[in-house]
Amino acid sequence: MKKDIIKECKIYIKELFSFDHSGHDYLHSIRVYNTAMYLAKDEKDIDLEVIALASLLHDVDDYKLFDSKNYNNAKAFLEKEKVESSCIDKIIDVIKEVPYKAKESARPHSKEGEIVQDADRLDALGAIGIARAFSYGGKHDRDIYSEDKIIKNNNLTFEEYKNLNSDTISHFYVKLLHLSSLMNTKKGKEEAIRRTKYLQDFLDEFFKEVNMK
Ligand code: ADP
Ligand code: NI
């Protein structure tokens, strides 16, 4: 593998995501990469290059942003960089299992996949997670909250989850508050619990203000 491929990959995603500012931006991928490297520190028998490239490329074929099929953007980048085909396959296998799909979310088959999935999920939690949720809500014309129907269902199929079109506070109850129970790694789970407490404090304060009489 070329020595400066990580640098090239960062340049590639910076350009690719330059149009999006709703939470799937370049800096999201950089944070997922840094967090994955942090989670990987104490693990043995893992392929760090697979983790690095899969985390940087995990959203380059996201169905919400791109028309690309079959992980074409990720594959094209890796082929251009002359990455071995067996390594490309490993990276794509990791990327496939990352996305959150409500109760149809994948349980990763590799340690590398567990780490990258945890890193992506951590970025939906804590202060960053709150910022991303409202940014996403703004971009999709969603209400901040609903007066009478905050949705609290955490047992949705992927189809139901995708079509929900609810207010942004509902997204906390539909997805964010459950993520910590779905983490794969010990360090990821500890950090997810810490970040979820922050979300809970935010919601407590939010409803205190909303319900002030
Ligand atoms: P990723 O694949 O990076 O985990 P998603 O595509 O699921 O992210 O979502 C990107 C960001 O937007 C995440 O922080 C997520 O929590 C947030 N988000 C996704 N759907 C909604 C929604 N319906 N309302 C508010 N925020 C959302
Ligand atoms: Ni992501």
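**Around ligand 1**

I started with the helices: α7 (126–139) and α9 (168–174) each put at least two residues into the shell around ligand 1. This is a predicted model, so I kept that in mind throughout. Of the helices and the rest, α7 gives the most to that shell, with three residues.

Next I listed the neighbours. There are 14 residues around ligand 1, and His 24, Lys 64, Asp 120, Arg 142 and His 171 come nearest. I sorted the shell by type and got four nonpolar, four polar and six charged residues.

For Arg 132, an N or O atom of the side chain is 3.1 Å from a ligand 1 oxygen. Lys 175 has a polar side-chain atom 3.2 Å from an oxygen of ligand 1. For Asp 59, I read 3.5 Å between a polar side-chain atom and a ligand 1 oxygen. I also checked the cover: ligand 1 taken alone exposes 550 Å², and the protein buries 93% of that. Where does ligand 1 sit? I found it in the largest pocket.

**The nickel ion**

Which protein atoms are the donors of the nickel ion (ligand 2)? I noted His 28 (NE2), His 58 (NE2), Asp 59 (OD) and Asp 120 (OD), lying 2.1 to 2.4 Å from the ion. Along the chain, these donors follow the spacing H-x29-H-D-x60-D. The two histidines link distant parts of the chain: His 28 is in helix α2 (residues 26–40), while His 58 is in the loop between α3 (48–57) and α4 (72–80), 30 residues apart.

Notes. Residues are numbered from 1 along each chain as its sequence is written. Chains are lettered from A and ligands numbered from 1 in the order in which they are written. This is a predicted model: local features need pLDDT of at least 70, side-chain atom pairs count only at pLDDT 80 or more; totals for chains, interfaces and linings use all residues. Side-chain values use heavy atoms; hydrogens and water are left out. A residue is near a molecule or strand if one of its heavy atoms lies within 4 Å of it. A polar contact is a pair of N or O atoms within 3.5 Å; within protein, one must be able to donate a hydrogen and the other to accept it, and residues adjacent in sequence count only if both atoms are side-chain atoms. Accessible areas come from the Shrake-Rupley method with a 1.4 Å probe; for residues, only the protein chains shown count as cover. On a 1 Å grid over the protein atoms alone, a cavity is a set of points where a 1.4 Å probe fits but cannot get out, and a pocket is an open set with protein on both sides within 12 Å along at least five of seven lines; lining residues have an atom within 4 Å of a point. A molecule sits in a cavity or pocket if more than half of its atoms lie within 2 Å of its grid points. Helices (H or I, at least four residues) and strands (E, at least two) are DSSP runs, numbered from the N terminus. Ala, Val, Leu, Ile, Met, Phe, Trp, Tyr, Cys and Pro count as nonpolar, Asp, Glu, Lys and Arg as charged, and the others, Gly among them, as polar. Donors are N, O and S atoms within 2.8 Å of the metal (3.2 Å for Na, K and Ca); water is not among the atoms, so sites may look incomplete.
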